[in-house]
Amino acid sequence: MASATTALKQPELTTTTLWVMAIATGLIVANLYYNQPLLDDIARTFHVGSSKAGQVGALTQLGYATGMLFIAPLADMLRRKRLIVICLALAILSLLLTAVSPSINLLIVASFFVGIFSLIPQLLVPMTAHLAKPEERGSKIGFVMSGLLLGILLSRTISGFIGTHYGWRAMFYIAAGIMVVIWLLLFFLLPEVEPEYKGSYKALMRSLVTLVREAPALRIASIRGALCFACFSAFWTTLTFLLKDNFNKGSDIAGLFGLVGAFGALAAGFMGKLSDKMDAYKLSTFTLLLIIISFVIFIFSGNSIAGLIIGVIILDMGVQATHISNQSLIFALKPEARNRINTVYMVTYFIGGGIGTYLASQAWASYKWTGVCTVGIALSLTATIVHLLSHKIVQKIRRGV
């Protein structure tokens, strides 16, 4: 088995393959965000408050983190395409369960499983890094990440429109249908990548701890990413409540803000190319400042659509650019362990997202928009402080010390 694996030639990252991965990544990751503009509709359906409805979004993100922790490392020891198509089939079943859920608690559980089995983008991004030439790695990751980020943001536009005109349950039926098409696309067009890890699953999971202990760059990037995504999730989870209370707007308008945020996502490809040429530390310093600025704008824009639009563009650009910079840094560490490195980073990232969602939901319930913006400012300042304090460590890493 080992000799056969060694003899196999690594597939090339063709243009077709790259586009398939970018499209699949964007459409699959959208499963995690369809519920955010629909939370107010869900709350009214089940006669619960905004805090309870917010658990749907939080558990979806924590489910994603769970899937990445226990399933994503398997991509280093199992055939990746096979693992991907199995997870996607289970994601389809979870979306259908979400659509038919008769109670808020079952909806929360179903959403958790949607998160678990929608981890596939976090198998495709390391696969992109694996197949790309070293000198093109940042730009290729940036291209796939552009698809992922557009999926995150445009999912809100789609679900907002569908929720307003056909009800929130229709969105999850449609999502299941989209996933069937993506399953066929990946089954027929995605190349197979043979595993390189030969140990047991137990040893594989133990190696995650070793990676965290021995790679300070991974620790820094993970904490920085988690705090940024907490900011991102805090804003997007509570936007629907703000628009309802202050502007009397529904889920369709909340979804349209995804189109605004797409401007920031489109910058991901450019940032990927920039990360191939520019010092990652300096780039991240600038992008973290953008996040702080966005929440300063938000806190004065509770009654201004124009202010919210400006803040969204700046927030999404800052969060996504920091994310690309983080990934370019960590994927250069140990090529043979990219899925496990990505697991550590993304599990931490989405735990941050779940915490941000929870804190923002609680802040909204008690202090409304001012509370949410205060949470965002505190989290983004913490991310910047962590980043600045890590300067000496980053410099040593880049010198190979």
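Axes are lines fitted to C-alpha atoms, for helices over the stretch in contact, and angles run from 0 to 180 degrees between N-to-C directions. The legends below describe close-up views of a predicted model.

**View 1. Helix H2 packed against helix H9.** In this predicted model, helix H2, which covers residues 15–29, packs with helix H9, residues 168–189, at an angle of about 155°, and their axes are 10 Å apart. Since angles over 145 degrees count as roughly antiparallel, H2 is therefore roughly antiparallel to H9. The crossing that H2 and H9 make is left-handed. On the H2 side the contact is formed by Val20, Ile23, Ala24, Leu27 and Ile28, which meet Ile178, Met179, Ile182, Leu185, Leu186 and Leu189 of H9. Sorted by class, the contact of H2 with H9 has 11 nonpolar residues, with no polar and no charged ones.

**View 2. Helix H7 packed against helix H8.** Helix H7 spans residues 121–131 and helix H8 spans residues 137–166; H7 and H8 pack at an angle of about 160°, with 9 Å between their axes. That angle makes H7 roughly antiparallel to H8, and H7 passes H8 in a right-handed crossing. Pro121, Gln122, Val125, Thr128 and Ala129 of H7 are in contact with Arg137, Lys140, Ile141, Val144, Met145 and Leu148 of H8. The contact of H7 with H8 is made up of seven nonpolar, two polar and two charged residues.

**View 3. Helix H11 packed against helix H14.** Helix H11, residues 216–247, and helix H14, residues 305–330, pack at an angle of about 160°, and their axes lie 10 Å apart. H11 and H14 are therefore roughly antiparallel to each other, and the crossing in which H11 passes H14 is left-handed. Among the H11 residues in this contact are Ala217, Leu218, Arg224, Phe232, Trp236 and Phe247, while the H14 residues that H11 meets include Ile305, Val312, Asp316, Gln320, Asn326 and Ile330. By class, the residues of the contact of H11 with H14 divide into 17 nonpolar, four polar and two charged.

**View 4. The largest cavity and its lining.** The model holds four cavities of 30 Å³ or more, and the largest of them has a volume of about 80 Å³. Its lining consists of 16 residues, and those nearest the centre of the largest cavity are Leu148, Ile152, Phe229, His323 and Tyr349. The lining of the largest cavity has 13 nonpolar residues and three polar ones, with no charged residue.

**View 5. The second largest cavity and its lining.** Helix H7 and helix H15 are the elements that give two or more residues to the lining of the second largest cavity. By class, the residues of this lining divide into three nonpolar, two polar and five charged, whereas the lining of the largest cavity has no charged residue.

How values were computed:
Residues are numbered from 1 along each chain as its sequence is written. This is a predicted model: local features need pLDDT of at least 70, side-chain atom pairs count only at pLDDT 80 or more; totals for chains, interfaces and linings use all residues. Side-chain values use heavy atoms; hydrogens and water are left out. Helices (H or I, at least four residues) and strands (E, at least two) are DSSP runs, numbered from the N terminus. Angles under 35 degrees count as roughly parallel, over 145 as roughly antiparallel, 65 to 115 as roughly perpendicular and the rest as oblique. A crossing is left-handed if the near helix is turned anticlockwise from the far one by less than a right angle, and right-handed if clockwise. Contact means heavy atoms within 4.5 Å. Ala, Val, Leu, Ile, Met, Phe, Trp, Tyr, Cys and Pro count as nonpolar, Asp, Glu, Lys and Arg as charged, and the others, Gly among them, as polar. On a 1 Å grid over the protein atoms alone, a cavity is a set of points where a 1.4 Å probe fits but cannot get out, and a pocket is an open set with protein on both sides within 12 Å along at least five of seven lines; lining residues have an atom within 4 Å of a point. Grid points are joined across faces, edges and corners, and a volume is the space filled by probe spheres set on the points.
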